[in-house]
Amino acid sequence: MPKRKHHVRKQPPALWVLAGIILLLVVIFTFKNGSDVTPVSAASFESQLDQALKDGRPTFVFLHSLDCIPCKEMMGVVADVYPSFQESIVLIDVDIYKQGNENIMRREGLQSIPTLVFYDASGKRQVFVGAMSPDKFRATLQAMTEN
């Protein structure tokens, strides 16, 4: 019996390159849109706020988008200043364009971004709209921890 030759069909390299590019785009798009391994659900923002207020913990609710210029400016301020207060003030960081955040936005009366909502230990609410200077932000957080 004659040996049968197995014909292996080779894929053109262009198809492999195209498949690689598509895979890379999917990965980049997934990370760009903030997909995490453990995403925070919108409902947990509200429950997190409710729990912090119930426990009498000062809380900072930061409502923003990832692409507005004042929001980006404020994100930098928060990144620089907040770590000094993370043990004493709860941060609720809300990207308004993430699906499911409508309830927290409505609850906080969002009209413009960025909106900064500060709750002291007694639950007294203070709202600031727009980017805040690092010194003013630090002073506001400091005042929340002294009350």
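Strand S1 is mostly covered: six of its six residues are buried, where buried means under 20% relative accessible area with a 1.4 Å probe and only protein chains counted. Strands here are DSSP runs of E with at least two residues, helices are H or I runs of at least four, and both are numbered from the N terminus. The cover on S1 reaches both faces, with Thr 59, Val 61 and Leu 63 buried on one side and Phe 60, Phe 62 and His 64 buried on the other. As background, side chains in a regular strand alternate between the two faces of the sheet.

Before going further, a word on what you're looking at. This is a predicted model, so local features need pLDDT of at least 70 and side-chain atom pairs count only at pLDDT 80 or more, while totals for chains, interfaces and linings use all residues. Residues are numbered from 1 along each chain as its sequence is written, and side-chain values use heavy atoms, with hydrogens and water left out.

Zooming out, the chain has five helices and four strands, arranged along the sequence as α-α-β-α-β-α-β-β-α. Of its 147 residues, 30% are buried.

Now for the sheet. The four strands form an open, mixed sheet in the order S2-S1-S3-S4; two strands pair if DSSP finds at least two bridges between them. S2 (90-95) and S4 (125-129) stand at the edges with a single partner strand each, so one side of each has no neighbour in the sheet. On average, neighbouring strands are turned by 15° against each other, direction ignored; the axes are lines fitted to C-alpha atoms, for helices over the stretch in contact, and angles run from 0 to 180 degrees between N-to-C directions.

Which way do the pairs run, parallel or antiparallel? S1 and S2 run parallel and are joined by six bridges, whereas S1 and S3 run antiparallel with five bridges. Thr 59 shows up in both pairings: its bridge partner is Val 90 in S2 and Tyr 119 in S3. S3 (residues 115-119) also runs antiparallel to S4, again through five bridges, and there Val 117 stands opposite Val 127.

Two helices pack on this sheet. H3 (residues 69-81) touches S1 and S3, and its direction makes about 150° with that of S1; a contact means heavy atoms within 4.5 Å. H5 (residues 134-146) touches S1, S3 and S4, with its direction at about 25° to that of S3. H3 also belongs to a right-handed β-α-β unit with S1 and S2, right-handed meaning that, with the strands pointing away from the viewer, the path from the first strand over the helix to the second runs clockwise.

The aromatics come next. A search of the whole structure finds four aromatic pairs, counting rings of Phe, Tyr and Trp (its six-membered ring) with centres within 6.5 Å; planes under 30 degrees apart are stacked, over 60 edge-to-face, and the rest tilted. Phe 118 and Phe 137 make a tilted pair, 6.2 Å centre to centre with 50° between the planes. Phe 118 lies in S3 and Phe 137 in H5, so the pair ties together parts 19 residues apart in sequence. Phe 118 is buried at 2% relative accessibility, and Phe 137 is buried at 0%.

One backbone detail to finish: the peptide bond from Ile 113 to Pro 114 is cis, with omega near -5°. Pro 114 lies in the loop between H4 (102-107) and S3.

Terms used
Buried < 20%, exposed > 50% of the residue type's maximum accessible area, 1.4 Å probe, protein only.
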